[in-house]
Amino acid sequence: MTAETRLVSRLALLVGVAGGLAVLAAWAGSSSTPVVGRQAAWGAVGVAGTFGVTAASFLWVATGRQAVARRTAELRGLILAGVAQARSGAGPADHTGEAAGSGAGADPAGADLVATATMVHYHRAGCRLAAGKPVEPAGRADHEQAGRTPCGVCLEGTSPGPRDEP
Ligand SMILES: [Zn+2]
């Protein structure tokens with residue numbers, strides 16, 4: 001929150017409190033004024049107070065919107081900086097996200113392939129069919145030696161390996 005925003009929000013608080021007090025004063029004053037014709041002055045005070053409360057509400061919303069816009073721009077800058085850093089720097093550290101996709105660029109012999117001991121198919125680490133299961137990573141050859149075949153969802157179109165099925 002900048003100094004300007006803080007000033008505006010304090011001004012809004014002041015205007016809002018003053019407006020609320022004016023409305024209360026108008027209510028108390030007009031209810032203790034027995035002559036109807038003289039209640040009009042209190043009515044004017046009440047209208048002014050209502051304007052004050054309304055103006056304060058607008059100021060609060062406006063400063064809130066400014067704060068959100070500033071924070072959004074700040075976060076967008078951070079995100080863009082992070083994306084640029086990720087593109088230029090680290091390579092293999094975050095490959096699980098790619099493995100969850102179509103997987104065209106995945107290493108066919110990589111240790112990214114997972115399965116449990118009782119599974120019929122082996123999967124990429126990010127496959128939703130393996131999600132939440134106590135899978136162990138292993139090489140493709142190990143999986144095929146255990147009699148497993150590639151998952152039709154996450155490994156569709158990849159070669160089953162150098163050896164054919166027995
Ligand atoms: Zn799978």
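These are my notebook entries on one chain and what I looked up in its structure.

**Entry 1: the whole chain**

I began by reminding myself that this is a predicted model. I then looked up the secondary structure, which comes to four helices and four strands. Read along the sequence, the pattern is α-α-α-β-β-β-α-β. How much of the chain counts as buried? I found 17% of the 166 residues. I also looked up the contacts between residues with a separation of 6 or more, and residues 24 or more positions apart account for 59% of them.

**Entry 2: helix 1**

Helix 1 covers residues 3–31. It has 29 residues, and from its first C-alpha to its last it reaches 42 Å, close to the 42 Å expected at 1.5 Å a residue. Which residues of helix 1 are buried? I noted Val15, Gly19, Ala22 and Ala26. What covers these buried residues includes helix 2, and that sent me there next.

An α-helix has 3.6 residues a turn, so residues three or four places apart point the same way.

**Entry 3: helix 2**

Helix 2 runs over residues 39–88, and I checked its span. At 1.5 Å a residue its 50 residues should span 74 Å, and the end C-alpha atoms are 74 Å apart, so the two agree.

How many residues of helix 2 are buried? The count is five among its 50 residues, so I wrote down that this helix is hardly covered. The five are Gly46, Gly49, Gly52, Ala56 and Thr63. They pack against helix 1.

I picked out Val47, which also lies in helix 2. Val47 has 13 other C-beta atoms within 10 Å, so I noted it as partly exposed. Ala26 is one of the buried residues of helix 1.

**Entry 4: how the two helices meet**

The axes of helix 1 and helix 2 come within 7 Å and cross at roughly 155°. Why do I call the pair roughly antiparallel? The cut-off is an angle over 145 degrees, and therefore helix 1 and helix 2 qualify. Helix 1 passes helix 2 in a left-handed crossing. The residues of their contact divide into 20 nonpolar, 15 polar and no charged.

**Entry 5: Leu113**

Next I moved on to the strands. Leu113 lies in strand 1. Is Leu113 buried or exposed? It is buried, because 31 other C-beta atoms lie within 10 Å and the cut-off for buried is 20 or more. Leaving aside neighbours within four places in sequence, I listed the contacts of Leu113 as Tyr122, His123, Arg124, Pro137, Ala138, Gly139, Arg140 and His143. I also looked up Cys151, which is 38 residues from Leu113 along the chain; their C-alpha atoms are separated by 10.0 Å.

**Entry 6: Val120**

My last stop was Val120, in the loop between strand 1 (113–115) and strand 2 (121–124). Val120 has 9 other C-beta atoms within 10 Å, so it is exposed, the cut-off being 12 or fewer. Which residues is Val120 in contact with, beyond its neighbours within four places in sequence? I found Arg148 and Thr149. I then looked up Gly147, 27 residues from Val120 along the chain, and the two C-alpha atoms are separated by 7.3 Å.

Terms used:
Residues are numbered from 1 along each chain as its sequence is written. This is a predicted model: local features need pLDDT of at least 70, side-chain atom pairs count only at pLDDT 80 or more; totals for chains, interfaces and linings use all residues. The expected span of a helix is 1.5 Å times one less than its number of residues. Two residues are in contact if their C-beta atoms, placed from the backbone, lie within 7 Å. Axes are lines fitted to C-alpha atoms, for helices over the stretch in contact, and angles run from 0 to 180 degrees between N-to-C directions. Angles under 35 degrees count as roughly parallel, over 145 as roughly antiparallel, 65 to 115 as roughly perpendicular and the rest as oblique. A crossing is left-handed if the near helix is turned anticlockwise from the far one by less than a right angle, and right-handed if clockwise. Ala, Val, Leu, Ile, Met, Phe, Trp, Tyr, Cys and Pro count as nonpolar, Asp, Glu, Lys and Arg as charged, and the others, Gly among them, as polar.
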